[in-house]
Amino acid sequence: MSASILSLRGVTKRFGGLVAVNSMDFDVREHQVMGLIGPNGSGKSTTLNLISGALKLNEGEISLRGTPISNLPAQDIARKGVSRTFQLVRMLSSMTVRENVVAGGVYGHRKRWGSEALRHADSLLERVGLSGQGGLSVGQLTYIDTKRVELARTLAGDPKVLLLDEWLAGLNPTELQIGIDLIKSLRDEGRTVILVEHVMDAIRSLCDQCVVMASGTKIAEGTPTEVLSDREVIRAYLGD
Ligand code: ADP
Ligand code: MG
């Protein structure tokens, strides 16, 4: 098995009296897709926010290749190669598609400037299926295309670890297969992916390992086949 690239130890986040993430421990192995799954409100997006530095931990530690990152500002974590998409797409509407992608690389792991940044943005747009669309205003895009731009933006800084928050949600079956193949290609080129996802077909075909959360706590861990047949996981999803 490959080495751990990201590790969470005793990670806890409270919002007032609510423990949104409760002493989470897990490792993400390099060049793998790790599924972070669980019912709505179980703490998945909060966990991604803690990893990316958008939120600060109350307790615990997050390390990237053994070096603690949980005390760093979000830009520094991005610069170290950890980059995320948002569950609700956030786009700068005054800028074009291409400019949005370039902006995504500003705090990235690898910086590009001027025409190199623009060329790179266009190659990423081609990769996500938006070839030749760079000059459009983001307001003209369909929902699916905003998701494509969001992924291109996340890739602009050459992240080593990608955090995808329900990026496949709302895709039709054809688009879903394209999205799954795209995520596979990211892993095949050596990136590590944490995939927050509800689409079971995607979890089964993409994830090397899964961590299952319920009410802020890890309730299961293993391959998709293992966790999806776990009685406690089934109970958490059915919500009895
Ligand atoms: P998931 O992504 O698994 O659906 P979240 O991480 O978004 O779950 O939320 C976990 C819990 O934390 C939920 O109860 C949610 O209402 C709460 N929560 C998330 N963000 C905040 C916040 N900024 N302030 C207060 N409560 C929050
Ligand atoms: Mg969420």
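User: How many bridges join β3 to strand β9, and in which sense do the two run?

Analyst: Strands of a sheet pair through backbone hydrogen bonds, either parallel or antiparallel. Here β3 and β9 (residues 209-214) are joined by four bridges and run parallel. Two strands count as paired if DSSP finds at least two bridges between them, and the elements themselves are DSSP runs numbered from the N terminus: helices are H or I of at least four residues, strands are E of at least two. As an example of a bridge, isoleucine 37 has valine 212 in β9 as its partner. Before we go on, please note that this is a predicted model: local features need pLDDT of at least 70 and side-chain atom pairs count only at pLDDT 80 or more, while totals for chains, interfaces and linings use all residues. Residues are numbered from 1 along each chain as its sequence is written, and chains are lettered from A and ligands numbered from 1 in the order in which they are written.

User: Then how far can I trust the coordinates? What is the mean pLDDT of the chain?

Analyst: Where pLDDT is low, the predicted coordinates should not be read in detail. The score is the predictor's confidence in each residue, from 0 to 100. For this chain the mean pLDDT is 92, with 97% of the residues at 70 or more. For the complex, the predictor gives an ipTM of 0.99 and a pTM of 0.94.

User: Back to the strands. What is the order of the six strands in the open sheet with mixed pairing?

Analyst: The order is β6-β7-β8-β3-β9-β10. β6 (82-84) and β10 (217-222) are the edge strands, each with a single partner, so one side of each has no neighbour in the sheet. From one strand to the next, the twist averages 20 degrees; such angles run from 0 to 180 degrees between N-to-C directions, with axes fitted to C-alpha atoms, for helices over the stretch in contact. Helix α6 (residues 173-188) packs on this sheet and touches β3, β7 and β8, its direction making about 150 degrees with that of β8. For contacts, the C-beta atoms, placed from the backbone, must lie within 7 Å.

User: Which strands does β8 pair with, and is β8 mostly covered or exposed?

Analyst: β8 (residues 192-196) runs parallel to β3 (residues 33-37), with four bridges, and parallel to β7 (residues 161-165), with five. Valine 196 of β8 stands opposite leucine 36 and is also the bridge partner of aspartate 165. In a regular strand the side chains alternate between the two faces of the sheet. In β8, Thr192, Ile194 and Val196 point one way, Val193 and Leu195 the other, and all are buried. So the strand is mostly covered, with five of its five residues buried, where buried means 20 or more other C-beta atoms within 10 Å of the residue's own, exposed 12 or fewer, and partly exposed in between, with C-beta atoms placed from the backbone.

User: What is the order of the four strands in the other open sheet?

Analyst: It reads β2-β1-β4-β5, with antiparallel pairing. The edges are β2 (18-29) and β5 (67-68), each with a single partner strand, so one side of each is left without a neighbour. β1 (residues 4-15) pairs with β4 (residues 59-64) over five bridges; threonine 12 stands opposite glutamate 59, and arginine 9 opposite glutamate 61. Two bridges join β4 to β5, one of them between serine 63 and proline 68. Their hairpin has two residues between the strands, and arginine 65 takes a positive phi near 45 degrees there.

User: Which helix lies across β1, β2 and β4, and which element gives the most to the shell around ligand 1?

Analyst: Helix α1 (residues 44-52) lies across those strands, at about 65 degrees to β2. Nine of its nine residues are buried, and glycine 53, which follows, has a positive phi near 90 degrees. α1 also gives the most to the ligand shell, with three residues. Among the residues around ligand 1 are Phe15, Asn40, Lys44, Ser45 and Thr46, using a cut-off of 6 Å from the ligand to the C-beta atom, placed from the backbone.

Note on methods:
Two residues are in contact if their C-beta atoms, placed from the backbone, lie within 7 Å.
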